[in-house]
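Here are my notes on this model, for someone opening it for the first time. Please read them with the structure in view.

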Amino acid sequence: MNERELQDAVNRLPKSIEPPRDLWPGIEARLRQPRRVWYWLPLAAAAVLVFLLLARGERSAWDVTALAGRPLIGTRRFAASGRLRVGDWLQTDDSSRALIAVGRIGQVEVRPDTRLQLVVAKANEHRLALARGTIDAKVDAVPRLFFVETPAGTAIDLGCAYTLETDSLGKGLLHVTAGEVEFQTGSRSSRVPLGALMQIQPATGPGVPYVEEAPAPFVRALLAFDLERRGTRARAVRTVLTLARPQDAISLWHVLQRVDPSLRGVVYDRLAALVPPPPGVTRRGALALESRALEGYWTKIQRIHFRIMVLRGVRDIDPRTGLAKP
Amino acid sequence: MSDDLVARAQAGDQTAFRELYRHHAGRVYALCLRLTGDGRDAEERTQDVFVRLWDKLRSFRGESAFSSWLHRLAVNVVLNERRTTGRRERRVMPAEDPDDVVGAQHAAPPAGLSIDLERAIAELPDGAREVFVLYDIEGYGHGEIAQLAGIAEGTSKAQLFRARRLLREKLER
């Protein structure tokens with residue numbers, strides 16, 4: 001077949017192909033659900049918050065610089081710099097980007113097609129609401145000073161750099177490149193250390209984090225665990241356990257707390273086989289989800305993970321112990 | 001397609017929006033199917049496109065044809081999702097991974113059409129397929145593709161060359 005014949009064949013391809021099933025019901029469900037949950041309640045809450053802040057004379061503002069195009073603050077476009085006040089919305093279109101100075105503790109780059117609001121700008125609380133789009137945040141401060149609310153939960157800075165993206169429904173991705181971030185939805189939370197990613201779902205909030213180089217089948221199994229119902233989750237758990245490596249201990253630590261109690265024992269045993277628990281952490285305590293046991297285990301897992309990440313390319317670290325291999 | 005339908009949907013009329021979906025679903029699905037090379041992904045992306053459209057509809061000001069505007073939105077949604085998914089899980093999966101290709105997942109094209117070519121396109125590596133679909137099927141220029149896909153213009157040209165060569169080889173077998 002020559003170039004001309006290929007082009008002729010391409011020209012004969014249909015421009016339209018009907019989907020094999022009706023996709024509208026799924027679209028309609030997604031249109032309805034978030035408008036109730038995301039648009040009105042937070043807007044109302046934000047309005048009340050803005051009113052209270054104004055009433056208390058604490059209206060504040062952060063500097064914003066246009067990095068490309070002409071982003072919007074409220075209804076005003078700006079080409080160079082502007083001020084984002086509490087209650088203001090900042091919006092970028094397909095071709096604009098902006099950089100926000102987060103008080104004195106960091107900065108947030110706002111990528112194209114993003115909409116966010118400054119909710120609180122105080123010395124002890126810096127809070128944005130990311131309605132949709134992508135931000136790159138870099139914060140140099142003590143933990144829990146910088147918060148980003150999304151339709152599916154809140155990213156809590158523990159001293160770090162990260163990229164957070166979300167659509168207007170709350171489906172998104174958190175990728176941490178330095179430090180650690182906690183993502184919380186109601187009582188459910190995930191801890192995402194540097195070099196790890198976590199998917200966020202509107203219905204379930206924070207997923208199970210996984211390391212950047214986690215094999216695709218393992219990631220798929222985690223997603224299935226995050227999304228599937230109780231019956232089919234057991235199968236996903238077994239796949240996760242089979243595929244897990246010592247480097248995936250951060251994932252198993254989260255699975256341990258979310259799995260059906262009947263499966264908690266096998267998850268713990270697998271985790272303990274991959275990364276032995278530190279002194280003082282007992283199987284019984286971990287299965288009872290005692291915070292002391294879980295925190296102790298996390299401290300060890302996190303320390304090993306940080307050593308692997310920080311010394312990557314410099315020293316070969318044993319992922320079971322965190323010690324340099326001879 | 002009447003402007004009235006778009007205007008009503010912009011005003012929040014979901015019935016009008018459903019009509020918009022009925023008019024454009026086939027075109028959007030075809031684009032998603034060819035860009036993703038996977039029937040299930042294409043269904044998801046098609047739904048994503050219309051959910052996104054609902055969010056962005058008010059920003060449509062009629063400066064271009066609605067169908068062109070929607071088309072570009074769909075391209076953005078698919079490419080953004082691939083970039084995200086690429087970071088999520090495909091970074092470690094070779095493009096030629098059999099699980100990734102899974103020809104069976106690719107929705108069968110309608111009977112009587114160039115099935116071999118559709119299948120061959122679906123089996124192209126991601127980058128080559130995207131450039132081929134956007135350039136040869138959808139008529140985008142290399143500059144636009146580079147901007148949309150976040151690649152250099154030269155890369156776009158190289159991917160197109162590669163895609164055409166692979167397609168010719170596949171179709172000659």
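1. Start with the make-up of chain A. This is a predicted model, and its chain A holds eight helices and 18 strands. The chain has 326 residues, and 40% of them are buried. Take the contacts in chain A with a separation of 6 or more: 42% of these link residues 24 or more positions apart.

2. Next, confidence in chain A. The average pLDDT of chain A is 88, and 90% of the residues score at least 70. One stretch needs care. Over residues 55–59 of chain A, pLDDT stays under 50. The model has six contacts beyond four places in sequence for that stretch.

3. Strand 14 of chain A covers residues 180–185, and strand 15 of chain A covers residues 188–193. The two pair in the antiparallel sense, over six bridges. A:Thr185 has its bridge partner, A:Arg188, in strand 15 of chain A. Two residues sit between the strands of this hairpin. A:Gly186 takes a positive phi there, near 60°.

4. Two backbone angles in chain A deserve a check. Most residues other than glycine have a negative phi. A:Asp113 is not a glycine, yet its phi is positive, near 60°. The residue lies in the loop between strand 7 (106–110) and strand 8 (115–122) of chain A. Is A:Asp113 buried or exposed? A:Asp113 counts as buried, because 20 C-beta neighbours lie inside 10 Å and the cut-off for buried is 20 or more.

5. Look for A:Arg144 in the loop between strand 9 (125–139) and strand 10 (146–150) of chain A. A:Arg144 has 13 other C-beta atoms within 10 Å, so it is partly exposed. Exposed would need 12 or fewer.

6. The mean pLDDT of chain B is 80, and 80% of its residues reach 70 or more. Where in chain B is confidence lowest, and where is it highest? The lowest mean is 32, in helix 5 (residues 98–101) of chain B. The highest is 93, in helix 2 of chain B. Over residues 87–113 of chain B, pLDDT stays under 50. The model still has 42 contacts beyond four places in sequence for residues 87–113 of chain B.

7. B:Arg72 is found in helix 4 of chain B. B:Arg72 is partly exposed, because 16 other C-beta atoms lie within 10 Å. B:Leu148 is 76 residues from B:Arg72 in sequence. In space, the C-alpha atoms of B:Arg72 and B:Leu148 are 9.2 Å apart.

8. Last, how the chains meet. The contact takes 33 residues from chain A and 37 residues from chain B. Which elements give two or more residues to the side of chain B that touches chain A? They are helix 2 (14–36), helix 3 (39–56), helix 4 (66–88), helix 7 (126–137) and helix 9 (153–172) of chain B. Helix 2 of chain B gives the most, with nine residues. By class, this side of chain B has 18 nonpolar, seven polar and 12 charged residues. For the complex, the predictor gives an ipTM of 0.82 and a pTM of 0.56.

Terms used:
Residues are numbered from 1 along each chain as its sequence is written. Chains are lettered from A and ligands numbered from 1 in the order in which they are written. This is a predicted model: local features need pLDDT of at least 70, side-chain atom pairs count only at pLDDT 80 or more; totals for chains, interfaces and linings use all residues. Two residues are in contact if their C-beta atoms, placed from the backbone, lie within 7 Å. Helices (H or I, at least four residues) and strands (E, at least two) are DSSP runs, numbered from the N terminus. Ala, Val, Leu, Ile, Met, Phe, Trp, Tyr, Cys and Pro count as nonpolar, Asp, Glu, Lys and Arg as charged, and the others, Gly among them, as polar. pLDDT is the predictor's confidence in each residue, from 0 to 100. Two strands pair if DSSP finds at least two bridges between them.
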